[in-house]
Protein chains: 2
Amino acid sequence: MTNWAARLFARAIDRRLKEFGVSSGQMPVFFALGDGAALSQKALAAIASIEQPTMAATLSRMQRDGLIERRPDPRDGRSQLVALTPEAMEKALKVKEAGMSVNAVALADLTETEREQFLELLGKVITSLEKMLED
Amino acid sequence: MTNWAARLFARAIDRRLKEFGVSSGQMPVFFALGDGAALSQKALAAIASIEQPTMAATLSRMQRDGLIERRPDPRDGRSQLVALTPEAMEKALKVKEAGMSVNAVALADLTETEREQFLELLGKVITSLEKMLED
DNA sequence: CGTTTTTGCATAGCTTGCTATCTATATACA
DNA sequence: TGTATATAGATAGCAAGCTATGCAAAAACG
């Protein structure tokens, strides 16, 4: 069921963001860099809770589409700092709005109390699974 | 968060099923055919709530791995009936056990009442999203 | 009965996720 | 200081999703 819900979320978001040339997997990058910050690939992967190669692929596509720039990190020759391009910065608000509006639809049938419960229980499930996968 | 939870579920299941040569995306097929039934690809896709081409690809991999057989449907020249092979039937119990055990871990921190609530709220979220995506 | 529409599957092409492994640079320590 | 270890990214290869499209068989209908 979580898989089903996640796919529906992604489809709903992709549908809204398609006209801006943005897709659901790029949302965490927009959220992390939307204030103009520049972060390493590793930091972005940690924020999005995905593995490094997955983030590398997402950033490649975003670079291909002119959404991000990679600059060498002056303090670490292995690392690069990733930042949104000016064009992407302009889209950041739309991305945030798409996320909020899909969330609103998804939670439309829940009371305020139920929404809090849902998020809390989902958080507990995630914590339990993470703990199990740790080793 | 649903995306995160879904990925954790899949990873946990994949880890347990790897030794049997089975993966998480194949679970719905095992559940649908585990009693010896033979269903069409379309029916399987509907049960798994995935699109037909996705199910086609999953079935291709399962056929490659000797988990299913495809027989022509005597009543419809376009259709094929899919059934588990005897080897896969032997694995069906392990697949069910893996699913139940991961669910148990995921819900370990929830009371019985909370589990019911969680499933109910997740169901409402899915229903709302599905309704929105209908058109 | 023939034509049109519907339906079941296949295929192409893409994104997003994973694991495993490699390279090159930083860091630690003997 | 020089070697060993740790870390940041890159790359390969796979699974599982999706949309769009094409084809052939079935069903509907004039």
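These legends walk through several close-up views of a protein and DNA structure.

This is a predicted model, in which local features need pLDDT of at least 70, side-chain atom pairs count only at pLDDT 80 or more, and totals for chains, interfaces and linings use all residues. Residues are numbered from 1 along each chain as its sequence is written, chains are lettered from A and ligands numbered from 1 in the order in which they are written, and side-chain values use heavy atoms, with hydrogens and water left out.

**View 1. The protein surface near DNA strand C.**
At least two residues each are supplied by α4 (52–64) of chain A and by α1 (2–17), α3 (41–48) and α4 (52–64) of chain B. The largest share, four residues, comes from α4(A). Helices (H or I, at least four residues) and strands (E, at least two) are DSSP runs, numbered from the N terminus.

Now look at the DNA side of the meeting. Of the atoms of DNA strand C within 4 Å of the protein, 69% belong to sugar or phosphate and the rest to bases.

**View 2. Salt bridges within a chain and between chains.**
A search of the whole structure finds eight salt bridges over all chains. Each is a side-chain nitrogen of Lys or Arg within 4 Å of a carboxyl oxygen of Asp or Glu. In chain A, A:D76 pairs with A:R78, with the closest N and O atoms 2.9 Å apart. In chain B, B:R78 and B:D76 meet at 3.0 Å, N to O. B:R78 is exposed at 74% relative accessibility, while B:D76 is partly exposed at 24%. Buried means under 20% relative accessible area, exposed over 50%, and partly exposed in between (1.4 Å probe, protein chains only). Another salt bridge joins B:K124 and A:E114 (3.7 Å, N to O). This pair crosses between chains, from helix α6 (residues 112–133) of chain B to helix α6 (residues 112–133) of chain A. B:K124 is partly exposed, with a relative accessible area of 26%, whereas A:E114 counts as buried at 17%.

**View 3. The two faces of helix α6(B).**
At 1.5 Å a residue, the 22 residues of α6(B) should span 32 Å, and its end C-alpha atoms are 32 Å apart, which agrees. The expected span is 1.5 Å times one less than the number of residues in a helix. Buried residues of α6(B) include B:F118, B:L122, B:V125 and B:L129. Seen down the helix axis, the buried residues of α6(B) fall within an arc of 160°, so they line one face of the helix. That arc is taken from the directions from the helix axis to the C-beta atoms. The face turned away from the buried side carries the exposed residues B:E112, B:T113, B:E116 and B:K131.

Which value does phi of A:S49 take? Phi of A:S49 is near 55°, a positive value in a residue other than glycine. Most residues other than glycine have a negative phi. A:S49 is found in the loop between α3 and α4 of chain A. In chain B, phi of B:S49 is near 55°, and B:S49 lies in the loop between α3 and α4. A:T85 sits in the loop between β3 (80–84) and α5 (86–106) of chain A and is buried, at 5% relative accessibility. A polar atom of the A:T85 side chain lies 2.8 Å from the backbone oxygen of A:G66.

Note on methods
Near = heavy atom within 4 Å. Polar contact = N/O pair within 3.5 Å; in protein donor to acceptor, adjacent residues only side chain to side chain.
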